[in-house]
Amino acid sequence: MNPTITLSFTLNGRPQRVDVSPNRTLLDLLREEIGLTGTKRGCDVGECGACTVLLDGRAVNSCLVLAPQVAGREVVTVEGLAPLGTLAPLQEAFIHHGAVQCGFCTPGMLMSAKDLLDHSARPPEREIREAIAGNLCRCTGYQQIVEAIEDAARRTHEAR
Amino acid sequence: MRPFSYIVAGSVQEAVAALHEHGRDARVLAGGTDLLVEWRHPGARVPRVVVDISRIESLRDISLEGRDVLLGPLTTHAELIRSGVIRSEAAFLASAASTIGSPQIRNRGTLGGNIMNGAACADTVPPLIALGARVTLSSVDGERDCHLSGFYNKPYTTVANPNELLTQVRFPALPRGTKSAFTKLGRRNALSISRLSVAAVVAVDETGVITDARIVPGAAQTVWKRAMEAEKILIGNPPSVALFAEAGRVVSGVLIRETGRRWSTEYKEPVIAALVRRTLEKCFAVND
Ligand SMILES: Cc1cc2nc3c(=O)[nH]c(=O)nc-3n(C[C@H](O)[C@H](O)[C@H](O)COP(=O)(O)OP(=O)(O)OC[C@H]3O[C@@H](n4cnc5c(N)ncnc54)[C@H](O)[C@@H]3O)c2cc1C
Ligand code: FES
Ligand code: FES
């Protein structure tokens, strides 16, 4: 019962092989087996969005994905947004707009915003608010986060 | 989470064979947004065997066959919302899907999971009942078709056997010009599990009278069904705010007669009436 299985998938652009028990979640796998702790554990039941990662390019709650379900798929975490030591335009905009306070929600917010901007070049404010509706922030009141995402969208758009 | 053995089904045949072999010990896993929450509850009944169907590509299609819309159970809520077929043939199903959970939940949660979990607050079910949807269940013994309207004995309880896999959802596209809408009242905007909702369909002929009306309240009764008494009031009359309000009163009256008066009745009675009226009005709103 429950022997570990060997899982191969792409993590932040690189092939990853890891042994895991099938009853672990993607969030457990990232934080506890692989040691990428950027992805946060808040509620563990899909309600806070702190654990958001991209699975095949779309934002999902990693606490609700069974680890073996990512075999052969592509996972991007906050650590994969920019090469080590650099920041992605979204991350810079979050800092610039004061969208980070305690920072606990930030990795999840960034991943939801990343999904949005990857699929919609200049989203209106309403769409930005919808995109982060599954991410709770107890500190900022959301306005700075919305502004940061708008700004990152504008800058990315102008750079193209 | 308690340990279990994990089987990846590469095809419907493999999935139903695994369900046949393991019977009540097995559980089908699709997007996992209901199951993973359930399995984390202290004292939850975690299955001995998990049959992961999420890789069966043939269960992912959205297509038209004549005027019938065919949906694979692995269609996610996000895919329903983006689908041109759904937006043009059953717009309120896309509206209902867009109210589910959050973007993350909609990217992962599937239509089949929503139907099979059968929570009283399952948001795709009221529109599907209004559409006259049928579901196909497959097992090693073959396939059978059921009307979704007779599919639930009570919330969380379907007529499906543990060895059966939901493999298709099918409904007739709404006739051209027919209008539909879905409204949901939740505690918050995002992540609100619906407590009360209404799905409605209305068609008006060239003389300006209503020729087709379907109203399905969600999360308000023990099983979903069309509010026939209210539908009858609408048919043969021209649409008006007063008529819609009257239909709303009839729906709430019937629901309360059937479920009995409870502590929540005083809140629900006017709310259901208003929700029905608003949903009918939405059918005629320009931007909906
Ligand atoms: C935070 C949060 C918010 C939510 N908000 C809403 C909401 O607003 N409205 C709403 O309706 N739901 C909501 N849900 C519930 C859930 O997301 C949906 O019901 C979703 O559609 C379930 O699909 P799934 O693929 O994730 O199901 P899973 O968890 O994989 O499965 C659910 C059930 O269906 C069975 N099953 C799945 N597919 C099949 C199949 N093809 N054949 C046989 N059995 C099958 C499973 O065995 C299980 O019993 C929410 C969930 C969370 C965690
Ligand atoms: S930890 Fe996954 S949504 Fe809260
Ligand atoms: S910055 Fe503290 S929760 Fe968002």
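In this predicted model, the C-alpha centres of domain 1 and domain 2 of chain B lie 19 Å apart. Chain A also has two assigned domains, domain 1 (5-81) and domain 2 (89-159). Their C-alpha centres are separated by 21 Å. Residues from chains A and B surround ligand 1, so the site is shared between chains.

**Chain B: domain layout**

- The assignment divides chain B into domain 1 (5-52), domain 2 (57-172) and domain 3 (184-287).
- At the boundary of domain 1 and domain 2 of chain B, 13 residues of domain 1 are in contact with 17 residues of domain 2.

**Chain B: the interface of domain 1 and domain 2**

- The size of an interface is often given as the accessible area lost when the parts come together.
- For domain 1 and domain 2 of chain B, the buried area is about 1200 Å². Carbon and sulfur atoms give 70% of that area.
- V12(B), V16(B) and T33(B) supply 35% of what domain 1 of chain B buries against domain 2 of chain B. That is more than any other three residues supply.
- Between these two domains of chain B there are 0 salt bridges.
- Polar contacts link 2 residue pairs across the interface of domain 1 and domain 2 of chain B, with both residues at pLDDT 80 or more.
- Helix α1 (residues 12-22) of chain B gives the most to the side of domain 1 that touches domain 2, with 6 residues.
- By residue class, that side of domain 1 of chain B divides into 7 nonpolar, 4 polar and 2 charged.

**Chain A: the interface of domain 1 and domain 2**

- Here 18 residues of domain 1 of chain A are in contact with 14 residues of domain 2 of chain A.
- The two domains of chain A bury about 1300 Å² between them. Carbon and sulfur atoms give 67% of this area.
- On the domain 1 side of chain A, L54(A), V78(A) and L81(A) supply 35% of the area buried against domain 2.

- D115(A) and R58(A) meet through their side chains in a salt bridge, at 3.3 Å from N to O.
- The interface of domain 1 and domain 2 of chain A has 6 residue pairs in polar contact, both residues at pLDDT 80 or more.
- Strands β3 (52-55) and β4 (58-61) of chain A each supply at least two residues of the domain 1 side that touches domain 2.
- β3(A) gives the most to that side of domain 1 of chain A, with 3 residues.
- The residues on this side of domain 1 of chain A divide into 8 nonpolar, 6 polar and 4 charged.

**Ligand 1**

- Ligand 1 is surrounded by 37 residues. The closest are V28(B), T33(B), D34(B), H77(B) and T110(B).
- An N or O atom in the side chain of H77(B) is 2.7 Å from an oxygen atom of ligand 1.
- The side chain of R27(B) places an N or O atom 3.0 Å from an oxygen atom of ligand 1.
- K184(B) has a polar side-chain atom 3.0 Å from an oxygen atom of ligand 1.

How values were computed:
Residues numbered from 1 in each chain as written. Chains lettered and ligands numbered in written order. Heavy atoms only, no water. Domains from an automatic or database assignment. Contact = heavy atoms within 4.5 Å. Buried area = accessible area lost by both parts, 1.4 Å probe. Salt bridge = Lys/Arg side-chain N within 4 Å of Asp/Glu carboxyl O. Polar contact = N/O pair within 3.5 Å; in protein donor to acceptor, adjacent residues only side chain to side chain. Helix = DSSP H or I, 4+ residues; strand = E, 2+ residues; numbered from the N terminus. Nonpolar A, V, L, I, M, F, W, Y, C, P; charged D, E, K, R; others polar. Near = heavy atom within 4 Å.
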